[in-house]
Amino acid sequence: RMFRIAAIPADGVGKEVVAAGRAVLDALAEGSAGAFAFEWEEFPWGCEFYERTGRMIDDDGLDRLKDFDAIYFGAVGWPTVPDHISLWGLRLKICQNFDQWANVRPVQFLPGITSPLRKADDTELDWVVVRENSEGEYAGLGGRNLSGRGPGGEVAVQSALFTEVGCERIMRFAFDLARTRARRKVSSVTKSNAQQYGMVLWDDVFKRVAADYPDVETESVLVDAMSAKFVLHPEDLSVVVASNLNADILSDLGSALAGSLGLAASANLNPKRRFPSMFEPVHGSAPDIAGQGLANPIGAVGSAALMLEHFGLPDQAARLHKAIEATTAAGILTRDVGGSASTEDVTKALIDGLNA
Ligand code: NAI
Ligand code: MG
């Protein structure tokens, strides 16, 4: 089979890690004896494109993306462009237009990488953050200058949107995912003691949906307590479902606990498959290390593995994971995880690991 993939490296280390992910995927396809292949088209959108054209994406960009099998994304954002313009103008635009309402972010502990959790065997730990990706705190509702009072007296409102349909579908997604895992458990995260409307709706829907999955263990935990639980009792987690903002923060925490933001993978899924889904590392464009060959490509390569699962190639995804584990176990590590290997060194080791 031929899979058509739109690559959008965008900014900073996004370019380096997308190049790495492409090289690894192409090596995988080459070794498949024609069983599957990837056809790439690369798009130049991002902050440099914005500075040239005043747009983050071509006017017909979404239309050009809509027939691809998947989108492979790097990271968007650069110090010369305000972050709310770059993020909304490209990444969130794609997520919303293609109704990618489920964001899956596995927290993965790898051999050879020291986790700040320092449990006896960190590689035994793994859990998945399922992020509601279409509404919640990132619905974009609100405005500035609402007081009309001018400098010093400005009032801004930022509202969160919760719909019953939106809550229910992400929860069913989380429960279905839990059923595929060794530990059948879903932890729901809110701040419903302080946010009494949307978050209480979330809790109500969670109770209702949970009743349809009697074989899955559940718990509801407030986000502050869940932050502590990530650090103190991660062995008690399997699937963690949370709203857009809460899951965004928790998944960064999870990847830091696993050793580095550079390791974390994610999938922005359109579960009904009417539109392409998008696969990207959790991290941003890392301007502090961009262009120096220091970027850890494992988050991007792990995201490519999620893409392979989405394509119905779980064995190939498993091969990628094995190559990742072999590489970290051999101590071929970038600086963020305590090594001195370059992006290129790690990429080469991953490709060698595919054939080991
Ligand atoms: P960041 O994730 O880019 O960097 C945070 C820290 O992690 C930095 O110290 C960086 O060096 C390190 N890091 C990130 N990725 C790494 C990798 N692959 N290998 C090694 N180290 C890595 O977050 P930051 O600095 O808050 O944001 C930078 C820009 O990225 C901003 O413009 C922000 O808006 C954007 N951003 C974009 C995202 C996306 O496209 N999905 C997500 C998060 C931030
Ligand atoms: Mg984030």
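Figure 1. Val223, Met226, Ser227, Phe230 and Val231 of helix 7 face Asn246, Leu250, Leu253, Gly254 and Leu257 of helix 8, where two residues are in contact if their C-beta atoms, placed from the backbone, lie within 7 Å, and where helices (H or I, at least four residues) are DSSP runs numbered from the N terminus. Seven of these residues are nonpolar, three are polar and none is charged, with Ala, Val, Leu, Ile, Met, Phe, Trp, Tyr, Cys and Pro counted as nonpolar, Asp, Glu, Lys and Arg as charged, and the others, Gly among them, as polar. The axes of helix 7 (residues 223–232) and helix 8 (residues 244–258) come within 10 Å and cross at roughly 15°; axes are lines fitted to C-alpha atoms, for helices over the stretch in contact, and angles run from 0 to 180 degrees between N-to-C directions. The two helices are therefore roughly parallel to each other, a class that takes angles under 35 degrees, while angles over 145 count as roughly antiparallel, 65 to 115 as roughly perpendicular and the rest as oblique.

Residues are numbered from 1 along each chain as its sequence is written, and chains are lettered from A and ligands numbered from 1 in the order in which they are written. Because the model is predicted, local features need pLDDT of at least 70 and side-chain atom pairs count only at pLDDT 80 or more, whereas totals for chains, interfaces and linings use all residues.

**Figure 2. Packing of helix 5 on helix 6.** Helix 5 (residues 164–179) and helix 6 (residues 198–210) pack at an angle of about 45°, their axes being 9 Å apart, which makes helix 5 oblique to helix 6. On the side of helix 5 the contact is made by Glu164, Cys167, Glu168, Met171, Arg172 and Phe175, and on the side of helix 6 by Leu201, Trp202, Val205, Phe206 and Val209. By class, this contact holds eight nonpolar, no polar and three charged residues.

**Figure 3. Crossing of helix 10 and helix 11.** The axes of helix 10 (residues 314–329) and helix 11 (residues 343–354) come within 8 Å and cross at roughly 125°, and helix 10 is therefore oblique to helix 11. Arg319, Lys322, Ala323, Ile324, Ala326 and Thr327 of helix 10 meet Val346, Ala349, Leu350, Gly353 and Leu354 of helix 11. Seven nonpolar, two polar and two charged residues make up this contact.

Figure 4. The predictor gives the complex an ipTM of 0.98 and a pTM of 0.94.
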